[in-house]
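Here is a short tour of a chain for you to follow with the model open beside the text. Keep a viewer handy and step through the residues as they come up.

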Amino acid sequence: MEITERELNRATLSRQLLLGREPLGVDDAVRRVVALQAQHPASPYVALWNRIGGFDPADLDAAFAAQALVKATLMRITLHAVHADDHRALREAMQQTLYASRLGYRFAAAGLTPAHAHDLLPQLLEFTERTRTTDELKAWLERRLGPQQAAGAWWGLKAYAPLLHVATGGPWSFGHRSSFVAAPMGPPPTTRDAVPAAIQTLVLRFLAGFGPASVADIAQFSMVQRSLVRRALTALDGSVEQLAGPGGTVLFDVPGAPRPPADAPAPPRLLGMWDSILLAYADRSRIIPPAYRRLVIRVNGDVLPTLLVDGRVAGVWRAVDGGIEATAFADLQSAVWDGLAAEARSLGALLSARDPRAYSRYDHWWTKLPDGAARRLLPA
């Protein structure tokens, strides 16, 4: 079976709840979309505002406070919000990647080895059976290792150890000074061996939420080695199917997952920073026109808030005094601007009640946008 790039686009939008806002609770919505990027505290809120009909941010506050949804270092070694029931398998699937990345570099430069991590982890998890601040955890490490090694130890362990970020209040539940608690899963395995069952779970969850996708796409989403992804797909033979994608790329999918037709209407959306669909693929052309990729994904990895028009990135937006400033990289029809203006009014209501200038620390990127881009202030 063959599938076109536009059909891939519509499959992604459908599974990511972007063909139409759906009447779901926040828990069910996050299960559907698998994971929400959460480097910036506002982004999970903007993501769900884009996806849920009648989204109430207080529902997300409550889910984070009750840890029905949890925030932790997971795929791509970045912060994600996931359903609590998904956390353990996703965390175990990332074990080898976290071992290799977080117990090397600064951890190793501090004179520490994986054996130190093995010795420290049970004590660290016991200490974090109740909520601890970053300062408390650094002080705890200093008492055991001394100040010279503690900084490198914390750099590695705060992501390698199975710790959850604790909601501390503020407009987006999590502030810039983090607090942590141990995840209810115990220490991670002490070897670099992958956990095949967990990687299979990750692959199936990714395909359900983002498929059809290639081996490279699955590896990009997770930062799990391609060889491990291939092994998982082989083990899942019968539970996944193959398709021929654009250019003959071999794609995988879960049988029966939605694949809307290429002409399914896709309403305009204002995606937040680091929205998952902008980062989930090695080949991002199904969502981001290649000519625009460097404009929205900056050299340091910042991914700007984007305009989604007919299912693909068409520009960027930022909150300013008086509304939402939208910058389109090409001419848009007046009906599209009308649709974006309606979205801006709704988004403005969310931001004004929480943080009217969300993402303002990234405004410096707007000076680097191309001359001649169409820029409008959409009143909120």
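## Charges

The chain carries 41 positive and 36 negative charges, and their mean positions are 5 Å apart. In this count Lys and Arg are positive and Asp and Glu negative, while His and the chain ends are not counted. Each charge is placed at NZ of Lys, CZ of Arg, CG of Asp or CD of Glu.

This is a predicted model, in which local features need pLDDT of at least 70 and side-chain atom pairs count only at pLDDT 80 or more, while totals for chains, interfaces and linings use all residues. Residues are numbered from 1 along each chain as its sequence is written, and side-chain values use heavy atoms, with hydrogens and water left out.

## Overall build

The chain has 15 helices and 13 strands. These are DSSP runs numbered from the N terminus, with helices being H or I of at least four residues and strands E of at least two. The radius of gyration is 21 Å, close to the 21 Å from the globule rule for 380 residues, so the chain is as compact as a globular protein of that length. That radius is taken over C-alpha atoms, and the rule is 2.2 Å times the number of residues to the power 0.38. Along the principal axes, the C-alpha atoms fill a box of roughly 65 × 50 × 40 Å.

Among contacts (heavy atoms within 4.5 Å) between residues at least 6 apart in sequence, 68% join residues at least 24 apart.

## A buried leucine in a loop

Leu 18 sits in the loop between α1 (5-15) and α2 (26-33). Is Leu 18 buried or exposed? Leu 18 counts as buried because its relative accessibility is 1%.

What does Leu 18 touch, neighbours within four places in sequence aside? Its contacts are Leu 13, Asn 50, Arg 51, Pro 267, Arg 269, Leu 271, Ile 277 and Leu 308. Arg 51 is 33 residues from Leu 18 in sequence, yet their C-alpha atoms are 5.8 Å apart in space.

Strand β2 (residues 69-73) is mostly covered, with 5 of its 5 residues buried. Leu 69, Lys 71 and Thr 73 point one way from β2, and Val 70 and Ala 72 point the other way.

β2 pairs with β3 (residues 79-83) in the antiparallel sense over 5 bridges; pairing requires that DSSP finds at least two bridges between two strands. Val 70 stands opposite Val 82 in β3. The two strands form a hairpin with 5 residues between them, and Arg 76 in the turn has a positive phi of about 60°.

## Backbone exceptions

Most residues other than glycine have a negative phi, and most peptide bonds are trans. Val 34, in the loop between α2 and β1 (36-37), has a positive phi of about 80°. Val 34 counts as buried, at 1% relative accessibility.

Trp 274 lies in the loop between β9 (269-271) and α14 (293-296), and its phi is positive, near 60°. At 7% relative accessibility, Trp 274 counts as buried. Finally, the peptide bond from Gly 211 to Pro 212 is cis, with omega near -5°; Pro 212 is found in the loop between α11 (196-210) and α12 (215-222).

Methods. Buried < 20%, exposed > 50% of the residue type's maximum accessible area, 1.4 Å probe, protein only.
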